Amino acid sequence: MNSGESQLAKIVRESLRAMRPERPVEPAIREVIERGRAARSRRRVLAWGAKGMTFAAAAAAALVLYGPFGSKIQFTVGPEEDLGIENSFIGSELTAATPLHFSDGTAIDLLPGTRARVASLGRRGANLNLETGHLHADVVHKRMADWSIGAGPYTVRVIGTEFDVFWNPDSEELEVDVRRGLVKVTGPALTDDQSVAARQRLTVAARERNATLSPFDPDARVEAPAEPAPAEPAEHAEPNASAHESSELASPWVALAKRGEYQKALDAVQRTGFDAVMQSSSASELLRLSDVARMGGQPARAAEILHVTRRRFPRTDAASVAAYTLGVTAFDQAGSYAEAAKWFGVYLRERPSGPLAAEAMGRLMEAYDRLGRRDKAEATARKYLSLYPNGAHKDVANRLTSR
Amino acid sequence: MWQSAVKARRVFGRPKVGGVYTAAFFQNEAQFVDALRAARADAQAELFRRHHVRVAEVLERVLGPDDDLPDLVQEVFVRAIAGAPRFRGTTEALEAWLVKIAIHTARGLIRKRRVWRRFFSMAESPPDVASPGMATHEQIEAVRRTYAIFDRLPTNERVALTLEMIDEMPLLEIAESCGVSRSTIKRTLHRARQRFRTLVELDPALRDLSGGGAP
């Protein structure tokens, strides 16, 4: 190539870069995986064809007769019932539970702030890993069912029952409350398989190697709070909380949102006028409304609501939660890691020991890593490991500090 | 609140994908490649995250700005995922492998479009630039005119020359990516450069941009 061609090539290269639009990564990933699956299915069908129509017909007949019993269990995620992917992490919303529905009828609810992973799917059940938080499981009783929940070093084995599992990786505390049926728990501080029957509660503190089995009244348990608990109550608490709570009950869109009818909730807000609702709603309502907008397929509107929350309620817990949520949205939905790092940083400055600090720091570390800012990623990883040695992001932090 | 088994079965019929993909991390790179071969979704997602920028860059540099680019990037990864069980290299070889698939995909598309144009007697038209992003008018024009010339080269020459000129790929790597020997790629590039220079001389705007074509 001569110098003139090199010069032209340089202009073209730079122009192409300038012309390149920003594209979100996560939707493309979903589409690639779905297209890959569809292609695999097509190839399987073609392979059948090659082996002869008779065989294919027999296989189709067998599939019709035995398919539901011979195939792996599948599951959906969230109220929109998106098809779930084996071994991918699922984080519940900050203000609402995320339901998982399995094809055998089993239902598992990840309560707000919970992170879990459907580690494997089988023909007779599935294995879930509860990274942190609280899940409620209603496993359909079937002969030979094989369900298990992993929580840190503990495994809860189930055949058919309804129960709750709480796992706190920081304090290494496990609680299993059984409402119906029977589960078996194995792990440190437990001798052999510890059976937990209906109306029993097993509490294990792994560090103290202390396990207690006590009676449990399923009717007495209060549902986990829908909003994250404030970290620094008095001066940061939103004023007139009770008044806002009553106004929340009066808003028709809130009731619709609680039932998971996001589109109807958005329509209700639209009728009142978004601006009016944003100016009159409480901080907790605004956070919920942003969730509704996001789940209703309006991410830009969700971001706008979060910014309004920060403007209207500065220096409150809600403002910090809004900053964290802006970070999560930028990270997961837009793939904009610089933006995500900015908001996680804001949260950590505002609430260094807040309830979402561990997650914010873990995500900040990942965002730096994705941006290729190795020094910052490594420094954040070291800080993370010193503060949260058993945190949900410890594997990533170890990887970043060891390279 | 809990969904019945009947409803649960109904929803699985829908071809819809969602879920939340957060970062997938593996104990080591060998485990990542094993997971990829085993068609694990988290490994497939990680493959895309790691390499989509490079794949998009190669496709864009070979084809020029193209509205179908996002689809083509996905197509490359779908092919890669389908071929992953037969991949025998390490993670270091993954990018080269994906680039090879990208070049193969781009070449197929160029040929398909040429056949289509010939079949319908369509005139060779300069590529449209529909997504100018942050580019200036001059930049758009330079790209449009350059790719109009690339479009007039035979497919193999166009692919080799864009990789050498725009992507600055080393000669040996071009040969490997195109699946030909070093001497073959040298001959192809020699012919491509000659044709390109002749065509640039016929375009006054490009001639100015390339400094009057002086060697």
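This is a predicted model: local features need pLDDT of at least 70, side-chain atom pairs count only at pLDDT 80 or more; totals for chains, interfaces and linings use all residues.
**Entry 1: chain B overall**

Residues are numbered from 1 along each chain as its sequence is written, while chains are lettered from A and ligands numbered from 1 in the order in which they are written.

I found 10 helices and zero strands in chain B, taking helices (H or I, at least four residues) and strands (E, at least two) as DSSP runs numbered from the N terminus. I then looked up contacts (C-beta atoms, placed from the backbone, within 7 Å): of those in chain B with a separation of 6 or more, 59% join residues 24 or more positions apart.

**Entry 2: α2 and α3 of chain B**

How far apart are the axes of α2(B) and α3(B)? I read 7 Å, with an angle of about 110° between helix α2 (residues 29–37) and helix α3 (residues 41–63) of chain B. Axes are lines fitted to C-alpha atoms over the stretch in contact, and angles run from 0 to 180 degrees between N-to-C directions. That angle makes α2(B) roughly perpendicular to α3(B), a label for 65 to 115 degrees.

I listed Phe32(B), Ala35(B) and Leu36(B) on the α2(B) side, and Asp42(B), Ala43(B), Gln44(B), Glu46(B) and Leu47(B) on the α3(B) side. By class I got five nonpolar, one polar and two charged residues (nonpolar: Ala, Val, Leu, Ile, Met, Phe, Trp, Tyr, Cys and Pro; charged: Asp, Glu, Lys and Arg; polar: the others, Gly among them).

**Entry 3: α7 and α8 of chain B**

Here I saw axes that come within 10 Å and cross at roughly 145°, for α7 (residues 155–165) and α8 (residues 171–178) of chain B. Val159(B), Ala160(B), Leu163(B) and Glu164(B) of α7(B) meet Ile174(B), Ser177(B) and Cys178(B) of α8(B).

**Entry 4: over to chain A**

I noted 15 helices and 15 strands in chain A, and 43% of its 403 residues are buried.

Which residues of α7(A) are buried? In this helix (residues 262–272) I found Tyr262(A), Ala265(A), Leu266(A) and Val269(A). They fall within an arc of 100° seen down the axis, so they line one face of α7(A); the arc is that of the directions from the helix axis to the C-beta atoms. On the face turned away I found the exposed Gln270(A) and Arg271(A). Gly273(A) follows α7(A), with a positive phi near 105°.

Methods:
A residue is buried if 20 or more other C-beta atoms lie within 10 Å of its own, exposed if 12 or fewer, and partly exposed in between; C-beta atoms are placed from the backbone. Two residues are in contact if their C-beta atoms, placed from the backbone, lie within 7 Å. Angles under 35 degrees count as roughly parallel, over 145 as roughly antiparallel, 65 to 115 as roughly perpendicular and the rest as oblique.
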